[in-house]
Amino acid sequence: MWGDAAVTQFIGGKPQSPQDAWFRILRYAGSWQLLGFGFWAMFDRETGAFIGEGGFSDFRRGIASLEGMPETGWAFAANSWGRGLASEAIGAMTDWADAQLLHHETRCLISNGNTASVKVATRNGYSAFANLPNAAQVFRRSRSPL
């Protein structure tokens, strides 16, 4: 998935090498150990095929509007696009966050032009919060009452 230019168009702008993808997976595993939250691999219920990943992290990007809150992120393989799977998965992730995280909100970073991710975010309660000079926006979602 991370080697696909269509997937990485709005996430770093270029395909990743197998080694870079492996390092990403190692960071995800470390997030669970150090932060108590992280990313999940996602699989199609019907076929068992890998469709993407998503979760929460603290990437320490040095962006003030992201600091102090878990950052929501997701990426889906191109062959899973257009089926509503991302919206369903992000909905499950935010339900988990509402029940498990102590933070009052989560935030996500979406590159300008990534209309698909904006739709997924807004369907799941995120709203634009801050415009960044590097052609991206920060969205935020308040924790739902349990």
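## Pockets

A pocket here is an open set of grid points where a 1.4 Å probe fits, with protein on both sides within 12 Å along at least five of seven lines. The model is predicted. Its second largest pocket holds about 210 Å³ of space. The lining consists of Met-42, Phe-43, Asp-44, Arg-45, Glu-46, Ile-51, Arg-83, Leu-85, Glu-88, Ala-89 and Ala-92. Six of these residues are nonpolar, five are charged and none is polar.

Which elements each supply at least two residues of this lining? They are strand 1 (39-43) and helix 3. Helix 3 gives the most, with four residues.

## The largest pocket

Several elements give two or more residues to the lining: helix 1 (5-8), helix 2 (18-35), strand 3 (71-76), helix 3 (85-100), strand 4 (105-111) and helix 4. By class, the lining has 21 nonpolar, 14 polar and 10 charged residues.

Rolling a probe the size of a water molecule over the atoms shows where empty space is left.

Is Ser-117 buried or exposed? It counts as buried, because its relative accessibility is 13% and the cut-off for buried is under 20%. Beyond its neighbours within four places in sequence, Ser-117 is in contact with Trp-74 and Ile-110.

After helix 4 comes Gly-125, with a positive phi near 90°.

## Helix 2

Helix 2 has 18 residues. From its first C-alpha to its last it reaches 25 Å, close to the 26 Å expected at 1.5 Å a residue. Its buried residues are Ala-21, Arg-24, Tyr-28 and Ser-31. An α-helix has 3.6 residues a turn, so residues three or four places apart point the same way.

The buried residues of helix 2 pack against strand 1 and strand 2 (50-57). On the face turned away from the buried side are the exposed residues Pro-18, Gln-19, Gln-33 and Leu-34. Just after helix 2, Gly-36 takes a positive phi of about 85°.

## Positive phi outside glycine

Arg-60 has a phi near 50°, a positive value in a residue other than glycine. It is found in the loop between strand 2 and strand 3. Arg-60 counts as exposed, because its relative accessibility is 64% and the cut-off for exposed is over 50%.

Ala-135 is another residue other than glycine with a positive phi, near 65°. It lies in the loop between strand 5 (127-132) and strand 6 (136-142). Ala-135 is partly exposed, with a relative accessible area of 42%.

## Leu-132

Leu-132 belongs to strand 5. With a relative accessible area of 16%, Leu-132 is buried. Which residues does Leu-132 touch, not counting residues up to four places away in sequence? They are Ile-63, Ser-65, Leu-109 and Val-138.

Leu-132 and Ala-49 are 83 residues apart along the chain. Their C-alpha atoms are separated by 35 Å.

Definitions and conventions:
Residues are numbered from 1 along each chain as its sequence is written. This is a predicted model: local features need pLDDT of at least 70, side-chain atom pairs count only at pLDDT 80 or more; totals for chains, interfaces and linings use all residues. Side-chain values use heavy atoms; hydrogens and water are left out. Buried means under 20% relative accessible area, exposed over 50%, partly exposed in between (1.4 Å probe, protein chains only). Contact means heavy atoms within 4.5 Å. Ala, Val, Leu, Ile, Met, Phe, Trp, Tyr, Cys and Pro count as nonpolar, Asp, Glu, Lys and Arg as charged, and the others, Gly among them, as polar. On a 1 Å grid over the protein atoms alone, a cavity is a set of points where a 1.4 Å probe fits but cannot get out, and a pocket is an open set with protein on both sides within 12 Å along at least five of seven lines; lining residues have an atom within 4 Å of a point. Grid points are joined across faces, edges and corners, and a volume is the space filled by probe spheres set on the points. The expected span of a helix is 1.5 Å times one less than its number of residues.
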